[in-house]
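Please go through the sequence and the model below.

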Amino acid sequence: MSKTQNAPGGVRSKTVVDYLNDENVRAILYQIIAIGLVILAGWYLVSNTLVNLERQNISTGYGFLDLEASFEISESMVQYSAQSSYATALLVGLLNTVKVSLLGIILCTIIGTIFGIARLSSNWIVRKLATVYVEIFRNIPVLLQLFFWYAVIPNAFPHPRDAFEPLPGVLLTSRGMYMPVPVADNAYTLMGIAAIIAFVAIFLIKKWAKKRQDETGQPFPVFLVGTGIFIGLVFIAYLIGGAPTDMDIPELKGFNIRGGTNVSPEFLAVLIGLTVYTSTYVAEVVRSGIQAVPHGQWEAADSLGIKRSVALRKVILPQSMRVAIPPLTNQYLNLTKNSSLAVAVGYPDLVSVSNTTMNQTGQAIEAISIFMSIYLGLSLLTSLFMNWFNKKMALVER
Amino acid sequence: MTTPSTPVTAASTSGFITVQSLTKKFGPNTALDYVSLSLSKGETMAIIGPSAAGKSVLLKCIVGLHGADSGKIMLGGDDVSQVSSPARKHWAERIGMLFQQNALFDSMKVWENICFRQIERGTMTRKEAKDHAVGLLGHVGLSEDSAFLSPGDLSGGMQKRVGIARAISTDPEILLLDNPTAGLDPVLSNHIELMISKIATQHGTTVITITNDMQIARTRYANLVMMHAGKVYWSGPTNDIDDAHNEHLTQMLNGSSKGPITMRMGKRGDHMVA
C-alpha cells in the first residue's frame, strides 16, 4: 500500500478495501459494532421482560411506592406503621442498613486496630491470642457467623423474668439488650448547642496553638484544654437547663420489659457478626501497614532521642496510613455490602424490607433496581469519603 | 556503675570514644565478639570489613540503639554501655548519625527532617529551624529549594547529603556515618568524603565512618579498624599500613585470602573495558 502511495505522481483514489484496512477507520468501526451488539442484546431482554410482565398482568413503574405497605417492621429509626407507604418502609430499611454498617465500620476499625497491633506484640500470649482470633473469624463464612451469633444471643442470655443486669438499668435478656434513656428535656438541646460551641472553640484554639508553636516553638496542650472546655461547657448547659435527672428505665412488666430502649437480638447478631468478621481483615491491614514502615525509621527517630510515642505519631503512623487506607476502604465497602446478609437472621435491613415489598407487589425488577442503586450509592459515597481522606493523608506527607 | 562520676580506670588508658571487650548477640548469632577500640577527640576512624562483620551493630551500640551484652562503651569518660545508662540522656544530643539506608522520614519535608529533634524539643521555633536547615543544606551542597521537597523526591546522593545534614544539625561532638558513599559513583563519593573531612576539621568532630572502600579509608581517615565476623581483625593508624599489608587486608575484605571475588570482579572489569 505504501509503495503505491509513494510512487511519484501516483495519487490513487482510495477504494472501500483501503478504508477497511485503515487503522483509524477500523478502530471506530469495531467500536460501533460492539456498542450496537450490546444495545441489541439489551433491547431484546427488556422487550421480552415487558412482554412477559404484560402477560402476567403486572404493570411496570414506581407508582407502587406510594401505596400502603400494610406490614410491620420490628425496629425503625423513623415513625413507621403498617399504614405507612412502601417508600417509607424502604427508607426504614435503608436507615437500618446504614445504622448497622456505620456502627460496624467504627467498631471494626477500633477492634481491628487493637488486634493488628496485638499481632505485633512482643508478648507471646498476646500475639498468639490475636493470631488465633484473626485466623478463626477470618476463615469462617460471614453468613455462618451471623447464624452463629443469632443462635447464641437468644440462648446465652436469660428470659426477661430473670434478666442479667451488668450495670444498673442495663438488662441483658434473650430478647436483646435494654438500656435506660433520659426523658426528653430542653436541657439536652441546650447541651447539644454547647457541644457545637465547644467544637468551634477547640478548632480555633488548635489553630492558634499551631501558629504559636510555629512562632515561638512552645507546644500547647490542646487535647487537655479541649477536653476541659468540652466537658465544662456541656456541663454548664446541663445545669442551666435545670439538671434533669428523669430517666426512662426499663422494667419488667408482666411477661415483657417495658421502657428504656431495646437493642434487638437480630441487630446485635448482625452487628457482632459483621464487626468480628471484618475486624480480622482490618487487623491484617493495620499489621501490614505498620510492618511496611522500615525498621530504620524507628531507629533513626530513636537515635535522635525522640520519644517512642512521638515517633509513632509523627513518623510511623503517617507512613503506615498511606499503605493502609486503600485496603481499609475495601473492608468498609465489604462490610456495607455484607450487611445485606442481615436478611438471613430477620434484621429488617434494606434487602429484607425490599424482599417483603417484592413479594407483596410483585414489582421485583423495580424493587431490585432500587436496592441495587442504593447499595451502589452507599459504596460510592464511602469510596468518595475514603479517597478524600487518602488525599488528605497523602498531602500531609508529601 | 552506680557512681558514674568516679574516674574509671579505662578512661585513663584511652581516648574520647572507648569500646572495651564489647559483646552483642542477637539470638544465636554473635554480632560483636569482644570488640575493643579507642579514638581520641577530634580524630577520624574508618571501619572496614565484609558484610555481616558487625560494623553497623557497633555504630548502633555507640549511638545507643543497642545495649552491650558484656563489655563497656565509654564516651568522654561516661559509661554509656546500656540504652538505659543515666549518661545516655546527656549524650543523645551530642552524637549525630547517618544510617546506611539514610532512614529519612517520609512523613515530613526535608527541612523538618533535618531539624526534627530541635522542633520536637522546642529548642527552636519552626521558623528558626527552617533557616537552620536551609543553612545546613548549603553546607552539604544542596539548594534552598530542596528544603521544601519530600525525601522521596530526592536522588540517592541528595538523600545522603540530607542524612548528613540531619546528623550534623545539632553540631555534635561525635559523628557516626554508616556507609556515606555506598551506591554513589566515584566522583560523588569523593565529594561527600571531602565534605566529611571538612566538617571534621572545621568543627573538631570525632568521626567514625563505615566504608567498603579501602582507598577512601586509607586516604581520608587517620585510623582504621578492620572487622570480620564480629571481631576486630586489625586496628591502628592508616599510616602503618604498607602495601603488602594493604593487599592482605583488601583480599580479606573481599571475603577470603584466596580472593575468588577479586578474580570475578577482575573478569567483569575486563568485559566492561572491552
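## Strands of chain A

A:Met177 stands opposite A:Val263, a residue of β8(A). This is a predicted model. The two strands involved, β3(A) and β8 (residues 261-263) of chain A, run antiparallel and are joined by 3 bridges.

On another pairing, β3 (residues 176-179) meets β2 (residues 170-173) of chain A. These strands are antiparallel too, again with 3 bridges. A:Thr173 has A:Gly176 of β3(A) as its bridge partner. The hairpin between β2(A) and β3(A) passes through 2 residues.

## The sheet of chain B

Chain B has an open sheet of 4 strands. The order is β2-β1-β4-β5, and the pairing is antiparallel. β2 (29-39) and β5 (78-79) of chain B are the edge strands. Each has a single partner strand, so one side of each lacks a neighbour in the sheet.

Inside the order, β1 (residues 17-26) and β4 (residues 70-75) of chain B are joined by 5 bridges. B:Gln20 stands opposite B:Lys72 of β4(B).

## Helix α3 of chain A

α3(A) is hardly covered. The count of buried residues among its 33 is 0. A:Asn57 follows the helix and has a positive phi, near 60°.

## The nonpolar core

The largest nonpolar core holds 133 residues. The members that touch the most others are A:Val270, B:Ile47, B:Ile73, B:Ala133 and B:Leu176. Helix α9 (residues 265-292) of chain A gives the largest share of this core, 14 residues.

What does B:Ile73 touch, leaving aside residues up to four places away in sequence? Its contacts are B:Val19, B:Leu22, B:Cys61, B:Ile62, B:Ala68, B:Val80 and B:Ser81.

## Where the chains meet

Contacts link 20 residues of chain B with 24 residues of chain A. On the chain B side, α5 (116-121) and α6 (126-139) each supply at least two residues. The largest share of that side, 3 residues, comes from α5(B).

How do the residues of this side of chain B divide by type? There are 9 nonpolar, 5 polar and 6 charged.

Methods. Residues numbered from 1 in each chain as written. Chains lettered and ligands numbered in written order. Predicted model: local features only at pLDDT ≥ 70, side-chain atom pairs only at ≥ 80, totals over all residues. Core = buried A, V, L, I, M, F, W, Y, C linked by C-beta atoms within 7 Å. Buried ≥ 20, exposed ≤ 12 C-beta atoms within 10 Å, placed from the backbone. Contact = placed C-beta atoms within 7 Å. Nonpolar A, V, L, I, M, F, W, Y, C, P; charged D, E, K, R; others polar. Pairing = 2+ DSSP bridges.
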